[in-house]
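Colleague: I would like a close look at a single part of this model. Please take me through it slowly.

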Amino acid sequence: MTDPLNVETEEEPRQLRFLRRLVTGLTAVMVCGLVVIVALLVIRLSNSGPQLPENIALPAGTQAQAVTFGDGWIAVVTTDERILILNSLSGAIRQEITLKAE
């Protein structure tokens with residue numbers, strides 16, 4: 001009968017040791033990459049977006065078709081083929097561009 005206290009420890013082969021370290025290293029890299037991706041998603045999705053004025057008053061009879069936000073301005077494309085450039089803080093019209101049909 002063998003004595004459990006007198007266990008001979010075999011040294012594992014070099015290739016098996018290398019494989020174990022490789023798998024451990026790859027697991028660590030994968031966990032770090034996952035943490036970086038989650039952190040980037042949290043940072044990116046927590047952005048509050050553009051600053052909007054309380055009210056945007058368009059001229060009477062004008063309907064917005066599309067809106068674009070810039071740094072300090074808002075562009076509103078209207079259904080009557082005009083582009084209104086508004087101040088992003090006050091909502092006042094800064095410029096009006098009429099589109100010509102060709």
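In what order do the four strands of the open sheet lie, and is the pairing parallel or antiparallel?

Modeller: This is a predicted model. The order in the open sheet is β1-β2-β3-β4, with antiparallel pairing. Strands β1 (64-69) and β4 (93-98) lie at the edges, each pairing on one side only. From one strand to the next, the twist averages 20°. In general, strands of a sheet pair through backbone hydrogen bonds.

Start with β1 and β2. Strand β2 covers residues 73-78 and is joined to β1 by five bridges. Ala64 has Thr78 in β2 as its bridge partner, and Phe69 is partnered by Ile74 in β2. The two strands make a hairpin with three residues between them, and Gly72 in the turn has a positive phi of about 95°.

Next come β2 and β3. Five bridges also link this antiparallel pair; Val76, for instance, has Leu84 in β3 as its bridge partner. Three residues again lie between the strands of the hairpin, where Glu81 in the turn has a positive phi of about 60°.

Strand β3 (residues 82-87) includes Arg82. Arg82 counts as buried because its relative accessibility is 16%, and buried means under 20%. The side chain of Arg82 makes a polar contact of 2.8 Å with that of Glu96. Beyond its neighbours within four places in sequence, Arg82 is in contact with residues including Pro59, Thr62, Val76, Val77 and Ile97.

Conventions:
Residues are numbered from 1 along each chain as its sequence is written. This is a predicted model: local features need pLDDT of at least 70, side-chain atom pairs count only at pLDDT 80 or more; totals for chains, interfaces and linings use all residues. Side-chain values use heavy atoms; hydrogens and water are left out. Two strands pair if DSSP finds at least two bridges between them. Axes are lines fitted to C-alpha atoms, for helices over the stretch in contact, and angles run from 0 to 180 degrees between N-to-C directions. Buried means under 20% relative accessible area, exposed over 50%, partly exposed in between (1.4 Å probe, protein chains only). A polar contact is a pair of N or O atoms within 3.5 Å; within protein, one must be able to donate a hydrogen and the other to accept it, and residues adjacent in sequence count only if both atoms are side-chain atoms. Contact means heavy atoms within 4.5 Å.
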